[in-house]
Amino acid sequence: MLHSLKYAFITTVKNKNTFVWTFIFPIALSTFMFLSFGNVYKDELVMNSIPVAVEEGVEETQISVQNFLEGAKQSNGDPYFVVSVLSKEAAKEALENGDVSAIVTTEGLTPTVVVNGNDFKEEIVITAMNEYLKYKKTIDDITADIIKNGIAVESGAGVAPEEMTPEKLAEAEAAILAKIAEAETDEQFFNETSLAKGPQNIYNNFFYATFAMGCLFACLGAVNLTDKLMPGRTPLSGRLNICGTSKLKMVISQMSVNLLVVFAAQMGAYFYMRLIGIELTDDILAVAGILLAGASFGISLGVLIGAIPRLGEGAKVGIGVGVTMLISFLADLCTTGIKDSIERNMPIINRISPAALISDSFMTIYVYDDYDRYFRNLITLVVMAVVITTIAIFILSRSRANKMMLKT
Amino acid sequence: MEYAVEVDKLVKRYKELVALDHFDMTIREGEIFGLLGPNGSGKTTTVNCILSLLKYDKGEIRVFGREMKPSDYELKKQIGVVFQEVAVFDELTVRENVDYFCGLYVSDKATRKQYVEDAIRFVGLENYEKFVPGKLSGGLLRRLNIACGIAHKPKLIFFDEPTVAVDPQSRNNILEGIMKLRDMGATIVYTSHYMEEVEQICDRILIMDKGRAVATGTAEELKNMTKNRETITLETDSLGEEDLKVLRELPHAYDLKYEGGLLSISYSAGRNNLVRVVNYLQEKDIAFTNVHSKVPTLNDVFLEITGKELRD
């Protein structure tokens, strides 16, 4: 067994494909993603204030909009918007020069928004002004009710409907706004609570999925090693099949070495990612557990695919790549939202999808500190790996070629 | 008589094609047994069935008296294979390759070390031990391929067309090596479509065609199966009808052709046929040139039995 292990190790580490896909790929991919996300990765929750021009117009509207925009604050206390009150021409020029992201016109009682593009800053201004208009409509509805039914303001200067004039209406509206303003308080009636106990960064999902993909790509090496043990495939497989060592021993040796190599490569990628500043858990034992279980699954999947009789190695590698890509896609490596959508519609897939289990395990220990869920994921991966390996070894042990694919 | 391999009524079909059709074969211990046949005759299928690499439909295969099964590793330890294509690991050096394959049969470290050195010396790769296969020439690669197949000192070795695409010098080395292995006690099964090689090294030969054994025996025994034992040809312009009559009536002559100055006489037996022809021509003072005496080859045997050339 030691003999088989020794040479399985040498052939594995000296294989260029293994080296590239196992060691270089996760590091290259994580570096590429880290560079692509750039500052967004680090500054995701803190945004620069958006410059907005409020046009000079109806004074009440102008002041109302200005107060509304200036009152909007980010979680760290910074304002969402920096408001400048400008003339119509100056505002237009500022927008064209890119000095402001939007203009809010205040020529009537209802403000409008002018933007010069559709990136996220403009979207934020439009969203904010929509909120403003909803707020204003509420006030207008109350005012209309006043017109219809009259109102007794708190000062006691009641106005009957038949005595209502536009001036009095404006006074009433101002009085209502003043009351609302008086009633405004910084007191939080609801505290924002999150299940998350650690920092959340949506971009981390990509890095978790990178680990998942790295573990699953181990299946390609396993396809190759298993194919070598299939009778009738190549002269080398022929020689290995007639040798005096059991196939089970050879498969287990190769799997063990592959597991060790993939695990080492994934741990290396983990340390590398932390080194370049990606936020990952510092619970190394837990990470090792995930990666070991994930790599076990990837390798067992490869052994099973490699054991499919009557298929060439190219077809088997194609199946391996296809399955890996599909599973990675379902776990959000390619785009966000798929995993959430699956969670809402068919959660069972996320419970058994290996890539989802691997990335979820990372999130579980880093963000939620939920070790029950972590161990459930781990056990699921290991059980699936054991079942798949058992099936693969059963197929391998019974395999004899119907047709020789090798030329002898 | 101890048999190394016994194949009894073996049938192997590839869908409609019958690759082996109730094929029978026995190989004696200690002999070089040649499997000779044209491409597609079933040689490789036979070997792969014996090695349990290939499923077969009917029949029995016994190796050293035991039924050959894929899981009989003790039996497999007594078998070595040298495929036509090189079957080694590109990532390992010459020594590592030989050591790896030897280690799949021999667990004792000291014995294995000795075996590996013996094998490397046997094929003459002492100076290339640290080379990886990619750095070896075609001939050296073949030698490595052989070393990997025989390092564990098997009692039964299959050589499947080991000299295809090999230069003449390497081919001679390989053939000499095979005979040396036989002399050391191994039983060799040698498949080839090169009749000269088979005739040169094999103790017994089985001729295959269309998945059947058409003839078995030593090279001489096979040749004795043909009517023709010798053909004499010579060039002369001076033969008359009387001369041809005399030549046709020489002992063992059964066919005579004389066209365009080329005389050809076929004999069914005899050792002094050429002397008799030459003596007659000298007596009659008939000038002649370009004299050839051709004894039958295995190709002639194959041609006579199957009606087609071995290399068709």
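**Entry 1: chain A**

I looked up the accessible surface of chain A in this predicted model, and it comes to about 20,800 Å², of which 60% belongs to carbon and sulfur atoms. Accessible areas come from the Shrake-Rupley method with a 1.4 Å probe, and for residues only the protein chains shown count as cover.

I noted that residues are numbered from 1 along each chain as its sequence is written, while chains are lettered from A and ligands numbered from 1 in the order in which they are written. In this predicted model, local features need pLDDT of at least 70, side-chain atom pairs count only at pLDDT 80 or more, and totals for chains, interfaces and linings use all residues; side-chain values use heavy atoms, with hydrogens and water left out.

I found 16 helices and four strands in chain A. Helices (H or I, at least four residues) and strands (E, at least two) are DSSP runs, numbered from the N terminus. Of the 408 residues in chain A, 44% are buried. Buried means under 20% relative accessible area, exposed over 50%, and partly exposed in between (1.4 Å probe, protein chains only). I then turned to contacts (heavy atoms within 4.5 Å). Among those in chain A with a separation of 6 or more, 71% are between residues 24 or more positions apart.

**Entry 2: where chain B meets chain A**

I recorded 37 residues from chain B and 30 residues from chain A in the contact. The size of an interface is often given as the accessible area lost when the parts come together. Here the buried area (accessible area, 1.4 Å probe, that two parts lose on being put together, summed over both) is about 3,300 Å², and carbon and sulfur atoms give 59% of that figure. B:Leu53, B:Glu91 and B:Leu104 supply 20% of the area that chain B buries against chain A, more than any other three residues.

How many salt bridges cross the interface of chain B and chain A? The rule (a side-chain nitrogen of Lys or Arg within 4 Å of a carboxyl oxygen of Asp or Glu) finds one. A:Lys14 pairs with B:Glu96, and the closest N and O atoms are 3.8 Å apart.

Several elements of chain B each supply at least two residues of the side that touches chain A, among them strand S1 (3-14) and helix H5 (138-150). H3(B) gives the most, with five residues. I counted on that side of chain B 20 nonpolar, seven polar and ten charged residues. Ala, Val, Leu, Ile, Met, Phe, Trp, Tyr, Cys and Pro count as nonpolar, Asp, Glu, Lys and Arg as charged, and the others, Gly among them, as polar.

**Entry 3: salt bridges within chain B**

I found 24 salt bridges over all chains. One of them joins the side chains of B:Glu161 and B:Lys43 (3.7 Å, N to O). B:Glu161 lies in the loop between strand S7 (156-160) and helix H6 (168-183) and B:Lys43 in helix H1, so the pair ties together parts that are 118 residues apart in sequence. B:Glu161 is buried, at 5% relative accessible area, and B:Lys43 is buried at 4%.

B:Arg182 and B:Asp203 also form a salt bridge (2.9 Å, N to O). This pair links helix H6 with the loop between helix H7 (195-201) and strand S9 (204-209), 21 residues apart. B:Arg182 is buried at 19%, whereas B:Asp203 is partly exposed at 30%.

Lastly, I noted B:Arg62 with B:Glu60 (2.4 Å, N to O). B:Arg62 is partly exposed at 23%, and B:Glu60 is partly exposed at 44%. B:Glu6 is linked with both in a network of salt bridges.
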